[in-house]
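Please look over the sequence and the structure below before reading on.

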Amino acid sequence: MIVAYLHLLGFNLILVMGLMSGLWGIYYIRRNSGIVDLGWTFSFSLIMGGCILMSDGWEPRKWLLAGMVWIWSFRLLRHIYKRYITTDEDPRYQEIRKKWGTRYVDLKVYFMFIFQGLIALVLSLPFFIVSMNKSDSWSIFEGWGVILWFIGVCGEALADKQLRDFKNNPENEGHVCQRGLWNYSRHPNYFFEFVTWLGFGVFALGSTGGLLGLISPLLMLILLLKVSGIPLAEEQSLKSKPVAYKKYQQTTSAFVPWFKTENRDE
């Protein structure tokens, strides 16, 4: 079993490293690091494809999970691609390169791409676990996993659409989106992203070693709350709309959708 896992991991490692290296080449030509977000999102579809090819788990279970992964991945990929081709480089990556300086900056960007690929492999732990499950019967955990995944994907898609519609209206220039889900959370897209990954983790509980699959949503939660999600998004919003966003922070939940609170400065 351990040998089979190592073969599966090694195969997917080669796929992801090849993908990220190729995308770094595109970055080197276009000078837009945002392509790493496209690669990171697509890498999960690639990894799931590798799991389909290289594992001998029960086929109906593998294909169900593959459908879940691919629907989530390609919806988000489409959303990110539109942003990538219609806007300048994400200010987050501009700020990162500025902090790095000019010395070996492209090499540092390459290692950032590779690191993103390694993170994707760790997050894909539920996919590896489920793909190795040979049991030909369904688990209640898989049912609950599908429900959580569905809520997460639909919620994130709705949040993205609401924000996109808000930004596409010129009258909203300089204002903070507080419509729909954004009235109850400053980052509903991130919240439902976590719910989606919680669904993958719960789905894996129906397989041997499934508890290890919960590492994935836990890691995603840490990334969203402490690393590359909310902290960077809040920093950019405070720079672009300092007064309006500060008020928004004081009245609206940062992550879990909840009712408005009173503005403490009023």
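**Confidence and helix packing in a predicted model**

The chain has an average pLDDT of 93, and 98% of its residues score at least 70. The model is predicted, and the points below are grouped by topic.

**Confidence**

- Within the chain, helix α8 (residues 188–204) has the highest confidence, at a mean of 98.
- Confidence is lowest in helix α4 (residues 91–100), where the mean is 79.
- Where pLDDT is low, predicted coordinates should not be read in detail.

**Helix α1**

- Helix α1 covers residues 2–30 and has 29 residues.
- From its first C-alpha to its last, α1 reaches 41 Å, which is close to the 42 Å expected at 1.5 Å a residue.
- The buried residues of α1 are L8, N12, V16, M17, L19, M20, L23 and Y27.
- These buried residues of α1 pack against α2, α4, α5 and α6 (125–131).

**Packing of α1 and α5**

- Two packed helices are described by the angle between their axes and the distance between the axes.
- For α1 and helix α5 (residues 105–123), the angle is about 145° and the axes are 9 Å apart.
- The crossing of these two helices, α1 and α5, is right-handed.
- On the α1 side, the contact is made by L9, N12, L13, V16, M17, M20, S21, L23, W24, Y27 and Y28.
- On the α5 side, the contact is made by D106, V109, Y110, F113, I114, Q116, G117, L118 and L121.
- Sorted by class, the contact of α1 with α5 has 15 nonpolar residues, four polar and one charged.

**Two residues with positive phi**

- Most residues other than glycine have a negative phi.
- R31 follows α1, and its phi is positive, near 60°.
- R31 is found in the loop between α1 and α2 (35–54).
- R31 has a relative accessibility of 39%, so it counts as partly exposed, a class that lies between the cut-offs of 20% and 50%.
- Y104 also has a positive phi, near 55°, and is a residue other than glycine.
- Y104 lies in the loop between α4 and α5.
- Is Y104 buried or exposed? Y104 counts as exposed because its relative accessibility is 54%, and exposed means over 50%.

Definitions and conventions. Residues are numbered from 1 along each chain as its sequence is written. This is a predicted model: local features need pLDDT of at least 70, side-chain atom pairs count only at pLDDT 80 or more; totals for chains, interfaces and linings use all residues. Side-chain values use heavy atoms; hydrogens and water are left out. Axes are lines fitted to C-alpha atoms, for helices over the stretch in contact, and angles run from 0 to 180 degrees between N-to-C directions. Helices (H or I, at least four residues) and strands (E, at least two) are DSSP runs, numbered from the N terminus. A crossing is left-handed if the near helix is turned anticlockwise from the far one by less than a right angle, and right-handed if clockwise. Contact means heavy atoms within 4.5 Å. Ala, Val, Leu, Ile, Met, Phe, Trp, Tyr, Cys and Pro count as nonpolar, Asp, Glu, Lys and Arg as charged, and the others, Gly among them, as polar. pLDDT is the predictor's confidence in each residue, from 0 to 100. Buried means under 20% relative accessible area, exposed over 50%, partly exposed in between (1.4 Å probe, protein chains only). The expected span of a helix is 1.5 Å times one less than its number of residues.
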